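Please open the structure in a viewer and keep the sequence at hand.

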Amino acid sequence: MRGPLSLIDIDQLSSEDIQWILETAESFEEVSTRAIKKVPTLRGKTVVNLFYEASTRTRLSFEVAAKRLSADVLNFAAQQSSVSKGESLKDTALTLEAMGVDAIIVRHSSAGAPHLLSLWVEPRIINAGDGMHAHPTQALLDLYSLRKARGDVAGCRVALVGDIAHSRVARSDLQAFSKMGAEVTLVGPPTLMPAGVERFGAKVSHDLDEVIPDCDVLYMLRVQLERQAEGLFPDLREYSELYGLNSDRMRRAPRDVVVMHPGPMNRGVEISAEVADDPRNIVTDQVVNGVAVRMAVLYMMLGGD
Amino acid sequence: MCALEEMTGVSKESVRVMEEPDIKRALNRIAHEIMEKNRGAQDLCIIGIRTRGVYMAERIAGIIREVEGVAVPVGTLDIAMYRDDIGTKPSPEVRSTDIPCDVTGMSVILVDDVLFTGRSARAAMDAVIDFGRPHSIQLAVLIDRGHRELPIRADYVGKNIPTSRTEKVRVALRELDGTDAVDRDSQEPEGLDSSVREGS
Amino acid sequence: MSAQRLLIRGGRLLCPFTGLDGPGEILVVGERVQAIGENLPDEGARVLGAEGLLVSPGFTDLHVHLREPGREDEETIASGAEAALRGGFTTVCCMPNTDPAIDCVPVAEAVLRQAAVAGKAEVRVVGALTKGRRGQELAEMGLMWRKLGISAFSDDGCGVADALLMRRAMEYVRIFDGLIISHCEEPSLARGGQMHEGYHSTRLGLRGIPAAAEEVMVARDLILAELTGVRLHIAHISTAHSVEMVRIAKQRGVRVTAEVTPHHLIFSDEDLAEYGTDLKVNPPLRSAADREALREGLADRTIDAIATDHAPHSREEKEVEFDGASFGAIGMESAWPALYTHLVDTGILALQDVLAALTCGPARVLGLEPDALGLREGARADILLLDCDDDYELAAAGFASLSRNCPFDGQRMRSRVAATVQSGAIKYQSDKPRAAVRQKTGSKRGARSAAV
């Protein structure tokens, strides 16, 4: 397969592309089980983690994935760019290009930054999360994890619960799950629903209890304290009461329900400690699978000509 | 392959070089040579290189089981992760590798359908060594068609077929292709790199 | 030595002020139109051939940012006034959001002096409504009017959040029947927004500016205008609901006018899919339905004028992440080609309506006496020659403006300003080799243009 020049969001991938990535990830997963967890596939390739936002898990996951494929990894923890201070995003990218890197994995607080990079420089661009826009590798690893947990994504009833409006994970997951045939319901207070949500083809509910008995997957999104300061809900106690996943709600969910979370979890807010430790919560599998999926993505982007 | 021929529309002369009984006899002989050289089937591990090497490995293991009464572990190796031409062509498909035992101290028999430049065998050896430190690695192939680019030689050969570089040798196996046969195509469709096909 | 004579011959005269539409010649003597008719005498006159061209009154741009004083790297009064001429604007109204703001007589005087020295398009100053445009105390509007004749005031760039202050300003300018130009944007609703709030902002992950941020303030200011009797002008109107409110207010007799920009008439929020920062403007590009309402509003004269909101920005302010990019697009040199190509040539709007919104519409907003304007004897000779049978690529690199943030850059255009006469002098002539292009485009296009 000849990969796209950049991976900016899920939209650009066909369901066949996604299928290919998931199958390739399955093959790569075995590498992580070996005594010597390394193959020479991307030997001589250089990838850089260009992170404008602190993110330990995504950065580490990409770094492990790249290293297991023998690529050289540079980490560039950039200061938040602005016109007035520091080097501009474009200059940083041009510098990396001049150093001959083959791929730039970019995390940025500004939506569209990876897209702009792909217009400005030659190296392959992989979006590791941009503002409220997209987080395609998270969505791919979520698909992969769900497929492993349930066998098939098609027909799955998935509830995405929480701050849909500000979540790039929600946007990418919504696209990815829908594309692979799942039935998605967005759950949260109206203040955390994005504009134009009705055009995304998902059901919308403001009542978690109404949704819970009829869903196969409960995907709990992280809720950030600053949303309370913005006046989007009264306080965390009320949020947790109305939209948090606790043992009581788990009892009303189907017995084989799968709980997912992009991490890191806010125990006691969107997910109670008991549910966080429930075996049906596959959050640690998601982390493990992240490496295999990112290996597949790197291979797709850099393995060809 | 047939679809490819139809698509390219290049007529070529195809010569049948092995029939089903020939292949059966060749694999029989290879199995016996393996047992002879390794003094039985102890500490043997047979690993087929995807795709057709896998079926050959299973057949050879079957013969050994009949003769020695020993179930030799059979593994599957995908060498896409170890290729030396990454970045020069579209990414080859990566499929799963399954090594059923610890290879350290074992005699590993790598099985492939065609030995050509030797690059697949090199990749396969690198892959095996990543799983441990075998006592030895041996190579069994159905066809050796020459034109080596690396200092590699097969320990067990079904048939030597002299070829020109541009010719193509096609191995068909019952499990995958419905029939057992080896054909030599004397004319290569233009623009198709013959090395793509090696070991497939 | 007698005054210079200029004879414009061979074109089709089209004047929204007088309703004139047909072949004819214009004789200009000095600054003014001496005669309009057939076979006018050409002795001693410079002849400007207008064969195959449209001859229109000069355009007026109610809304430009010339950046001087303060950001002369982005635009100066001279470069902006030259850009105006190239775009066919013989008069422009510059907004007061300079640094320092044009909020008192000395700054306004300096701007007018620079414009006079440049001697290009006429520059009219819009004074600041409040001191420093801080929205706290009224600026010395009475002095600016008394000493310099400035009669339009605005805090453009941001909305006046304090309703009481807006009411006082409206009441105060009744001294001289002044014009309040309102940038309608409720700051708390718009805060942090990057583009129109809707499906596309969600898709792109950009914070939205709801249509309501504009509409809330349009409603407030219309109510206050009715209360105070002031002349109110809604700058860069952008939503369907705003247009509807202005329509109703006009029916109620409120003295309100409105302008729309070419980019709001042509683009919509869908066009931001590539995160192009040259399309990051304020108010933001709205939905396709809003755009449709703006076009209807222009056609039925609810919207009086097309104004460019020419907003020059340096590359450093635009070649950055979308969140960090400045709002605004330059527009004077692209307005006519873009309007003609996207709206007139496609049949979406009538040529007459677009021309009216660039000529007599703005004059009406400014309260100018229409009988002294347009293509008529005695009027100031501000005249354009427009070539509507062209096919070329618009290149911002060749603009007179010092900035390049033009969202129409690189587009194929069907029309251009061939010449601009301002106060009787030919101040701009396109250097396009017309004959060559004419040959290239062939007769089919010629027939089409004749049918316009």
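**First stop: the two domains of chain A**

Between domain 1 of chain A and domain 2 of chain A there are three salt bridges, a salt bridge being a side-chain nitrogen of Lys or Arg within 4 Å of a carboxyl oxygen of Asp or Glu. The model is predicted, so local features need pLDDT of at least 70 and side-chain atom pairs count only at pLDDT 80 or more, whereas totals for chains, interfaces and linings use all residues. Residues are numbered from 1 along each chain as its sequence is written, chains are lettered from A and ligands numbered from 1 in the order in which they are written, and side-chain values use heavy atoms, with hydrogens and water left out.

To display the two parts, colour residues 10-134 and 287-302 of chain A as domain 1, and residues 136-282 as domain 2; such bounds come from an automatic or database domain assignment. The centres of these domains, taken over C-alpha atoms, are separated by 25 Å. In the contact, domain 1 of chain A takes part with 31 residues and domain 2 of chain A with 24 residues, where contact means heavy atoms within 4.5 Å.

Next, select Lys148(A) and Glu29(A): these residues form a salt bridge, with the closest N and O atoms 2.6 Å apart. Across the interface of these domains of chain A, twelve residue pairs are in polar contact (both at pLDDT 80 or more). A polar contact is a pair of N or O atoms within 3.5 Å; within protein, one must be able to donate a hydrogen and the other to accept it, and residues adjacent in sequence count only if both atoms are side-chain atoms.

The area buried between domain 1 of chain A and domain 2 of chain A is about 2400 Å², with 59% of it on carbon and sulfur atoms. Buried area is the accessible area (1.4 Å probe) that two parts lose on being put together, summed over both. Select Ile10(A), Leu22(A) and Met132(A), which supply 29% of the area that domain 1 of chain A buries against domain 2 of chain A, more than any other three residues.

**Second stop: chain A against chain B**

Now show chains A and B together. The contact involves 22 residues from chain A and 18 residues from chain B. About 1700 Å² is buried between chain A and chain B, and carbon and sulfur atoms give 51% of that area. Pick out Ser27(A), Arg34(A) and Tyr299(A), which supply 27% of the area that chain A buries against chain B, more than any other three residues.

How many salt bridges are counted between chain A and chain B? The count is zero, while five residue pairs are in polar contact (both at pLDDT 80 or more).

Move to chain C and colour residues 5-55, 381-391 and 412-451 as domain 1, and residues 58-370 as domain 2. The C-alpha centres of these domains of chain C lie 29 Å apart. Contact is made by 23 residues of domain 1 of chain C and 26 residues of domain 2 of chain C. These domains of chain C bury about 2000 Å² between them, of which carbon and sulfur atoms give 68%. In domain 1 of chain C, Pro16(C), Phe17(C) and Met413(C) lose the most area to domain 2 of chain C, together 25% of what that side buries.

Finally, select Asp345(C) and Arg414(C), whose side chains meet in a salt bridge (3.0 Å, N to O). The count between domain 1 of chain C and domain 2 of chain C is one salt bridge, alongside eight residue pairs in polar contact (both at pLDDT 80 or more).
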